[in-house]
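Here is a friendly walk through one protein model, taken piece by piece.

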Amino acid sequence: MKEVNFSVAAKAARLIGRENIADVDGALVELIKNAYDADATCVLVKLEIPFPDIPNVLDLPLATEVLSKEDLNAVMTFYKEKDDEIIKKVDLTEQQQRELRNILFSYNKIVIADNGYGMTEEVVGTIWMHIGTSDKENNTISPRGRIKTGAKGIGRFALDKLSKHSLMYTKSVKSDSVIKWFMNWEQFARVQLIDEVKAELNKQVELYEDYIRAEFKDYEHVWKEHDWKTGTMIILTPTREPWSKRLFKKVNTNLNSINPIGNVDKFEVIINNHYCNEFNYRTEKVAIDKEDFDYRIRVQYDGKETLSVKLFRNEVDLSRRTITVEKYGHSVTKNIDEFWQIEKLQVKNYTKDDYNKEITKNIKILEALKEDERDRIQSVGPFYAEMFFLRNANSPGYDIMKKVAVRKRKNLLEHFSGIKIYRDNFKVRPYGDEGALFDWLGLGVRAQKSPAAPSHLRGRWRVEPYQMIGWVKIGRETNPELEDMANREGIALTDAYYIFVNMLQEAVNEFEYDRQYIYREYAKWIVTIEKELSDFAERVKDEARKRAQKHQNEKKEDEGSNESQGEKEQFTEDELFGTVQQLVDEAENALQSKQMLQILSSSGIILNTFFMSLMLLTHSSIYRRLR
């Protein structure tokens, strides 16, 4: 029997790198993730991109400042002057477009530098150059105690997504010198097998900190706050793909939530966007205070049978003493204690005292899941989630709700929106980020199927995805079945993932029921008060009729004497009631007359239509006889 070996084509590197990562912003975040795994406390990013894409209108002052004289002359051959502007020619061939892009993009540069533990020459030559290395699987804990987020051994191929060339300087505490590594990714297009691709590796005499200071000037505060004796810096040029303001913004949005809110492990990211200063960025410490949310939902799955849901209600104003109800032109003020005394608010978890503390509901998750999911539930593993409900401050509410700080909530949502997933305190993209997986829990679909208000007596209220923020924490060791897809664009869609989503939906369902419970009862209570006002109006009308009749009888008996007394200075109470009754009768008669006219008008239209049709038929018959 003859045995044969597999061989790996150089094209494979492009498939797992450049073509496997969806966007350039994702590739950049992947490199920042590597810095986190290397125990960095700070990452510096410089986006020196004067030409994010081929401009239709050339900024001549910028081009003159950035481009060499030779390249400027070459670029100008692809443009023409029109109406005092330098416009790109519309008849450029694909080859000319490619030449223009190559010139402009060669002046773009991205630099990522961290102060992690760096790499030795041996590590760079073996682990770093080994595709699909199992190093992070075998050494899951970093020296600082972080659980490493990477495990596939292909993260360095994000470099190929961002640029054609990569230059790296790295310094480890175990090494006496800085290691310089250079890679030309264009080699993969020129060779057949991957082992024909070579990178350059040598030692440098300068200090690592010297390289950092040369690239990142005017960063004195950073040198004081962080130690830069070790780490890794990567310089990427020329850029391979276009950038845009949308992508710059997307990078910053992703970094806002790269670690969960309240994370105590220091990890700061600073971005200097040289040509788009509006997208400069620095990690901010974001905290959620009590006044920022209406509900807090804490979910703990023990990995076996119990899903614990802890609800902290922060929406109802327990300090309110009275409410005023207006209906039928009348109003009444009620003591709110009457509401808290109704029968449905005397049961466990729903008394007034319960609304001032966190309550716990334990769900036997096997009963909530489908039968075919029960055997696989333990494949999910234990997890913890903390979610917050923030109602829209501009939407109609109820009198017993607290007022909200609109500006602060808006700022919080700008920094942290959607439900994120974190594996060992580092974000798993793109859950909760803008895009297809923003609503990965399917809250929007549930809300569309059941759009009832919280006070609806029969329909189920469902929370909207934009009303929820929070995070779900999983772990590499505790949740091995919830693993990343190879392209780092989400978790593999296994049975464990779908059960995981179902359990979180069950916890959300518990919150929705709990919130609707009190507003249903409040709506019922308000209706009873409005009925009292309705009865009051009827009693006034009845009393007005009685007094009007009495007044008319007395007026007949005493008709002559009133004329001799002269004009009265004021109306009597009976006269006022008589007038009220007269106005009520007139209003009712007017309404009845209007309704009758509407009926007759509709009948007239129907009759006219009938007679017109009859006449047409008659004339048609006569005409046929005459013929």
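This is a predicted model: local features need pLDDT of at least 70, side-chain atom pairs count only at pLDDT 80 or more; totals for chains, interfaces and linings use all residues.

## Helix α11

At 1.5 Å a residue, its 12 residues should span 16 Å, and the end C-alpha atoms are 17 Å apart, which agrees.

Which residues of α11 are buried? They are Leu247, Phe248, Val251, Asn252, Asn254 and Leu255. Looking down the axis of α11, you will find the buried residues within an arc of 160°, so they line one face of the helix. Lys245, Arg246 and Lys249 are exposed on the other side of α11.

Strand β9 itself is mostly covered, with six of its six residues buried. Both of its faces are covered: Glu268, Ile270 and Asn272 are buried on one side, and Val269, Ile271 and Asn273 on the other.

## Strand pairing

How do β1 and β9 run, parallel or antiparallel? They are parallel, joined by six bridges, and Lys46 has Asn272 in β9 as its bridge partner. On the β10 side the sense is antiparallel, with two bridges between β9 and β10. There, Ile270 has Arg282 in β10 as its bridge partner.

Strands β5 (residues 165–171) and β6 (residues 178–184) also pair in the antiparallel sense, over six bridges. Within this pair, Leu167 stands opposite Phe182 in β6.

## Two buried residues with polar contacts

Ser166 belongs to strand β5. Its relative accessible area is 0%, so it counts as buried. The side chains of Ser166 and Trp185 are joined by a polar contact of 2.8 Å. Beyond its neighbours within four places in sequence, Ser166 is in contact with residues including Leu159, Trp181, Phe182, Met183, Ile235 and Leu236.

Tyr295 sits in strand β11 (residues 295–301), and with a relative accessible area of 2% this residue is buried too. What joins the side chains of Tyr295 and Asp514? A polar contact of 2.6 Å does. Among the other contacts of Tyr295, again leaving aside neighbours within four places in sequence, are Leu311, Phe312, Arg313, Met387, Phe388, Phe389 and Phe511. The C-alpha atoms of Tyr295 and Leu390 are 7.2 Å apart, although 95 residues separate the two along the chain.

## Backbone exceptions

Most residues other than glycine have a negative phi, and most peptide bonds are trans. Two peptide bonds are worth a look against that background. The bond from Thr237 to Pro238 is cis, with omega near -10°, and Pro238 lies in the loop between β8 and α11. The bond from Arg429 to Pro430 is also cis, with omega near 0°; Pro430 is in the loop between β18 and α16 (443–449).

Asp83 is not a glycine, yet has a positive phi of about 55°. This residue is in the loop between β2 (79–82) and β3 (85–88), and its 68% relative accessibility makes it exposed. Asp424 has a positive phi of about 55° as well, in the loop between β17 (418–423) and β18. At 15% relative accessibility, however, Asp424 counts as buried.

## The chain as a whole

Stepping back, the protein chain has 19 helices and 19 strands. Of its 627 residues, 45% count as buried. Among contacts between residues at least 6 apart in sequence, 74% join residues at least 24 apart.

Definitions and conventions
Residues are numbered from 1 along each chain as its sequence is written. Side-chain values use heavy atoms; hydrogens and water are left out. Helices (H or I, at least four residues) and strands (E, at least two) are DSSP runs, numbered from the N terminus. The expected span of a helix is 1.5 Å times one less than its number of residues. Buried means under 20% relative accessible area, exposed over 50%, partly exposed in between (1.4 Å probe, protein chains only). The arc is that of the directions from the helix axis to the C-beta atoms. Two strands pair if DSSP finds at least two bridges between them. Contact means heavy atoms within 4.5 Å. A polar contact is a pair of N or O atoms within 3.5 Å; within protein, one must be able to donate a hydrogen and the other to accept it, and residues adjacent in sequence count only if both atoms are side-chain atoms.
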